[in-house]
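User: I am new to reading protein models, and I would like to go through one with you feature by feature. Could you take the general idea of each feature before turning to the case at hand?

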Amino acid sequence: MDIYDTSRMTTQTVTDYHRAKEVQAFDDTKAGVKGLVDAGIVNIPRIFIRPPEELVEELTSHQTNFQVPVIDLDGVRGNKLEEIVDQVRAAAETWGFFQVVNHGIPLNVLEEMIEGIRKFNEQDVELKKQFYTRDRTRNVRFNSNFDLHYSRTANWRDTLTISALASTDLDPNEYPEVCRDAVREYIKNVTKLAETLFELLSLALGLKAEHLQEIGCPKEYTLLCHYYPSCPQPDLTLGASGHSDPSFLTILLQDQIGGLQVFHDNQWVGVQPIVGGLVVNIGDFLQVVSNDKFKSVNHRVVAGHVGPRVSVACFFMGHNAEIPKSYGPIKELTSEENPPIYRDFLASECFNKGFSTAVDDNSLLHQLKL
Ligand code: OGA
Ligand code: NI
């Protein structure tokens, strides 16, 4: 990479060019990043190029041998429970991330979901365009970069969003036909796994197993089905800028390409894909209700020459739209010596905020600090 040229180009980015216009023109194609790749571009458009200071900083980062913890859920309903709870606690307190294996979701359900999302993105572009919208009241919507019009740098990815704000609300017939069965089956399984994970997290906090479930953590969820096309200049952009998730918990299904990185011990650590594994991470809301015991950690996705990469992030957001409920540090977890660090909040308020500021503006937790 020629640093000097890159810096010049992006300095110009900030001052001279009509970013808003270029962003709008890209949005108007309704074909997303995949549309650019299909058109055979060799140089990525300026709206995707990261600021020079970020690109320079990247050169000083180095490889690490760290590994996100892997937790085997086999025996969770039996004699392994205590051991598993200890592992979940350790991971949630330090990494904010772990992978699970033997979680009970059949491999074919995971593979068909990945395949369904790939097919959705690779179908006839005219069919796909029918789903292209920024109307957030739509339960099923497709677009590129939900924050396209206010982020500093666009990300190299397209996303199909499926929101279930109240589980009874969402009619599977609304899902795109090409991935309908896969999505339905995946949702059925992943919501069940979430209940198990919330039990483990409750126990790991020293609460009764049902606590997080009873306050509604697994209640509403949103699926972000991402498609990261191969990128001709991956060093200049990102698949997803660094961010933490505006959720209680996120369960992430990824294919075998790799690219997800977690910020740990002052460096970016790659999350190695595991066949049949799922990535789990603590979101901002769980950091708040646990009064900082569990950590919501920054993560990002690098772009790559090899692609497309497909991933599906399921955000569990608690009571949100239907029955707004206020959350704050759990009483049992605070005391005179350990007073609440955060104010109460509405999940809806924060989810909107998290998704209406740039993804790289990681300030949700700061805003909630007392
Ligand atoms: C997200 C996210 C990671 C990935 O959707 O919030 O972090 O690998 N996704 O797609
Ligand atoms: Ni995320």
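## Reading the model step by step

User: Which strands do the 7 bridges join, and do those strands run parallel or antiparallel?

Analyst: Please keep in mind that this is a predicted model. Strand S4, residues 158–164, is joined by 7 bridges to strand S5, residues 221–228, and the two run antiparallel. One of the residue pairs to look for is Asp 158, whose bridge partner in S5 is Tyr 227.

User: In what order do the strands of the open sheet lie, and which are the edge strands?

Analyst: The open sheet is formed by 8 strands in the order S1-S2-S10-S7-S12-S5-S4-S3, with mixed pairing. At the edges are strand S1 (70–72) and strand S3 (140–143), each of which pairs on one side only. If direction is ignored, neighbouring strands of this sheet are turned against each other by 20 degrees on average.

User: Which helices pack on the sheet, and what do they touch?

Analyst: Helix H5, made of residues 81–94, packs on the sheet and touches S1, strand S2 (97–101) and strand S10 (278–282), while its direction makes about 160 degrees with that of S1. Helix H6, residues 107–122, also packs on the sheet, where it touches S3, S4, S5, strand S7 (249–254), S10 and strand S12 (309–316), and its direction makes about 65 degrees with that of S5.

User: Are Tyr 132 and Phe 142 buried or exposed, and which cluster do ring pairs link?

Analyst: Tyr 132 is buried, with a relative accessible area of 9%, and Phe 142 counts as buried at 0% relative accessibility. Ring pairs link Phe 120, Phe 131, Tyr 132 and Phe 142 into a cluster.

User: Which residues coordinate the nickel ion?

Analyst: The nickel ion (ligand 2) is coordinated at 2.1 Å by His 243 through NE2, Asp 245 through OD and His 299 through NE2. Along the chain, the donors of this nickel ion follow the spacing H-x1-D-x53-H. His 243 lies in strand S6 (residues 238–243) and His 299 in strand S11 (residues 299–302), so the pair ties together parts that are 56 residues apart in sequence. His 243 counts as buried at 11% relative accessibility, and His 299 counts as buried at 6%.

User: How do S6 and S11 pair?

Analyst: S6 and S11 pair in the antiparallel sense over 3 bridges, and His 243 stands opposite His 299 in S11. Strand S8, residues 260–264, is likewise joined to S11 by 3 bridges and runs antiparallel to it, with Gln 261 standing opposite Arg 300 in S11.

User: What is a disulfide, and how many does a search of the whole structure find?

Analyst: A disulfide is a covalent bond between the sulfur atoms of two cysteines. A search of the whole structure finds 0 disulfides. For Cys 225, the closest cysteine sulfur is in Cys 179 at 7.0 Å, which is too far for a bond, because the two sulfur atoms would have to lie within 2.5 Å. Cys 225 counts as buried at 0% relative accessibility, and Cys 217 is buried with a relative accessible area of 0%.

Notes: Residues are numbered from 1 along each chain as its sequence is written. Chains are lettered from A and ligands numbered from 1 in the order in which they are written. This is a predicted model: local features need pLDDT of at least 70, side-chain atom pairs count only at pLDDT 80 or more; totals for chains, interfaces and linings use all residues. Side-chain values use heavy atoms; hydrogens and water are left out. Two strands pair if DSSP finds at least two bridges between them. Helices (H or I, at least four residues) and strands (E, at least two) are DSSP runs, numbered from the N terminus. Axes are lines fitted to C-alpha atoms, for helices over the stretch in contact, and angles run from 0 to 180 degrees between N-to-C directions. Contact means heavy atoms within 4.5 Å. Buried means under 20% relative accessible area, exposed over 50%, partly exposed in between (1.4 Å probe, protein chains only). Rings of Phe, Tyr and Trp (its six-membered ring) pair if their centres lie within 6.5 Å; planes under 30 degrees apart count as stacked, over 60 as edge-to-face and the rest as tilted. Donors are N, O and S atoms within 2.8 Å of the metal (3.2 Å for Na, K and Ca); water is not among the atoms, so sites may look incomplete.
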